[in-house]
Amino acid sequence: MGRIQLLLPEVSNKIAAGEVVERPASVVKELLENALDAGASRVAIALVDAGKTLIRVTDNGEGIHPQDLELALAAHATSKIRSAEDLFGVETNGFRGEALASIASVSRVRLVSKRAQDPHAGEVTSDGGKQGPSRACAAQDGTTIEVRDLFFNLPARRKWLKSDSTEFSHTLDLVQAIALANPEVALRLSHGERLAFDLPAQSQSERLMALFGDLFAEGMLELHEHEPYAALDGFLAPPGTHKPNSRGLQLYVNRRPIRDRALMQAVMLAYREFLPPGRFPVAYLFLRVDPATVDVNVHPAKTEVRFLEHNRLFALIKSAITERLIGSGVLPRLSFARPAPAQGFGPQARPDSPYEPVGELTSAPPGQMFSADAL
Ligand SMILES: Nc1ncnc2c1ncn2[C@@H]1O[C@H](COP(=O)(O)OP(=O)(O)OP(=O)(O)O)[C@@H](O)[C@H]1O
Ligand SMILES: [Mg+2]
């Protein structure tokens, strides 16, 4: 090994960016979350080449103070927290003051913003993290950020990007997940000439229908379970609807989409006796907890969190879903009439099941069942 040296800022910034910016969907996530944090009631996202060439996010939120424009692209610069203690009461999506700096270090960025009280807008640009001075320009109230040529200066990363259709499907999943948690915000997503959706402000069930289709949304069971330490609301697909993977299972904490293997397991356990082996339920679950009981500063992309009340949340999710499914009357029925098939969905005990098989699972009545594989 050679001597120890401090890394040049452009190198350390690229390393930091690697934690936050993996693909176009990660950029869209950060920009959309910033727009929501700014109180926007309307956000438009436009992509060219699935975001590899251009990602533009326009919002009508509160905008940025003209003298803060240059700081907005700097690392560790945020308007959302002031002290380390604030981390345990975060109610905004962002708090690290890292996202724009990370994005700017691996792309070409143009940031335009105007507050309602200012006479004109300001603009600042950055090329691979090399930032120019801000200047006045004309624009409507709110903020527009354009991110061009993602990873142009990090060819090793660019090489990892998948086809446009794969990258777009990651972005679509992500925007849909955030859209469902923020139905009061009008949201538009376009890809090249194609409009993926243009949703008005609406109720959450209207948004579910708009995003996933009436047929799917109408079959969903609503869940509302409120305890002193947490509230759980959600939409559960009836057991006749299932997927070959867990992509239809989305958990939110205080509107933030998260991944939590243990809490996912609680959902799986609740559905276990009602789904064929190897299939996954479709459910959107919104947990609301006191921000002081969640540590959001665990993962650079903020998709993982830690809970003080983890065990209680696990029990809440499992029991609330189980009761809702049992109470719904659309459960698969146990049938002893037909002989078991040689293989497939037969009554074999699952390797992980403590229960002996008791009969063949038949599916829910027609009209209450369809495959969600295509969703
Ligand atoms: N769309 C926007 N509207 C208004 N202000 C914005 C917008 N986007 C960014 N900002 C301002 O720029 C600052 C820096 O944004 P950035 O995303 O880098 O950090 P953050 O949101 O504070 O934290 P994080 O890194 O966790 O996202 C924000 O704190 C906010 O003040
Ligand atoms: Mg942010």
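## Around ligand 1 and beyond

An oxygen atom of ligand 1 has a backbone N or O atom of Leu 100 at a distance of 2.8 Å. The structure you are looking at is a predicted model, in which local features need pLDDT of at least 70 and side-chain atom pairs count only at pLDDT 80 or more, while totals for chains, interfaces and linings use all residues. Residues are numbered from 1 along each chain as its sequence is written, chains are lettered from A and ligands numbered from 1 in the order in which they are written, and side-chain values use heavy atoms, with hydrogens and water left out.

Let's stay with the ligand for a moment.

You will find Gly 97 in the loop between helix H3 (69-72) and helix H4 (99-105). Helices (H or I, at least four residues) and strands (E, at least two) are DSSP runs, numbered from the N terminus. Gly 97 counts as buried because its relative accessibility is 14%; buried means under 20% relative accessible area, exposed over 50%, and partly exposed in between (1.4 Å probe, protein chains only). Leaving aside residues up to four places away in sequence, Gly 97 touches Ala 74, Ala 75, His 76, Ala 77 and Thr 78, where contact means heavy atoms within 4.5 Å. Ala 72 is 25 residues away from Gly 97 along the chain, and their C-alpha atoms are separated by 8.2 Å.

Now for the whole protein chain. The chain has ten helices and 20 strands, and 48% of its 375 residues count as buried. Its accessible surface comes to about 19100 Å², with 54% of that belonging to carbon and sulfur atoms. Among contacts with a separation of 6 or more, 69% are between residues 24 or more positions apart.

Next come the charged pairs. Side chains of opposite charge can pair when their charged atoms come close. A salt bridge here is a side-chain nitrogen of Lys or Arg within 4 Å of a carboxyl oxygen of Asp or Glu, and the count comes to 22 salt bridges. Glu 167 and Arg 23 form one of them, at 2.9 Å from N to O. This pair links distant parts of the chain, 144 residues apart: Glu 167 belongs to helix H6 (residues 164-181), while Arg 23 sits in the loop between H1 and helix H2 (24-37). Another joins Asp 141 to Lys 114, with the closest N and O atoms 2.7 Å apart. Asp 141 lies in the loop between strand E6 (135-137) and strand E7 (142-148) and Lys 114 in strand E3 (residues 108-114), so this bridge ties together parts 27 residues apart in sequence. The side chains of Arg 312 and Glu 309 also meet in a salt bridge, at 3.3 Å from N to O. Elsewhere, bridges that share partners join Arg 56, Arg 110, Glu 123, Arg 135, Glu 146 and Arg 148 into one network.

| Residue | Relative accessibility | Class |
|---|---|---|
| Glu 167 | 0% | buried |
| Arg 23 | 14% | buried |
| Asp 141 | 39% | partly exposed |
| Lys 114 | 9% | buried |
| Arg 312 | 41% | partly exposed |
| Glu 309 | 25% | partly exposed |

Finally, here is a backbone detail. Most residues other than glycine have a negative phi. Asp 149, however, has a positive phi near 50°; its place is in the loop between E7 and helix H5 (155-158). Asn 254 also has a positive phi, near 45°, and lies in the loop between strand E13 (249-253) and strand E14 (256-258).

Conventions: Polar contact = N/O pair within 3.5 Å; in protein donor to acceptor, adjacent residues only side chain to side chain. Areas by Shrake-Rupley, 256 points an atom, 1.4 Å probe, with all protein chains shown as cover.
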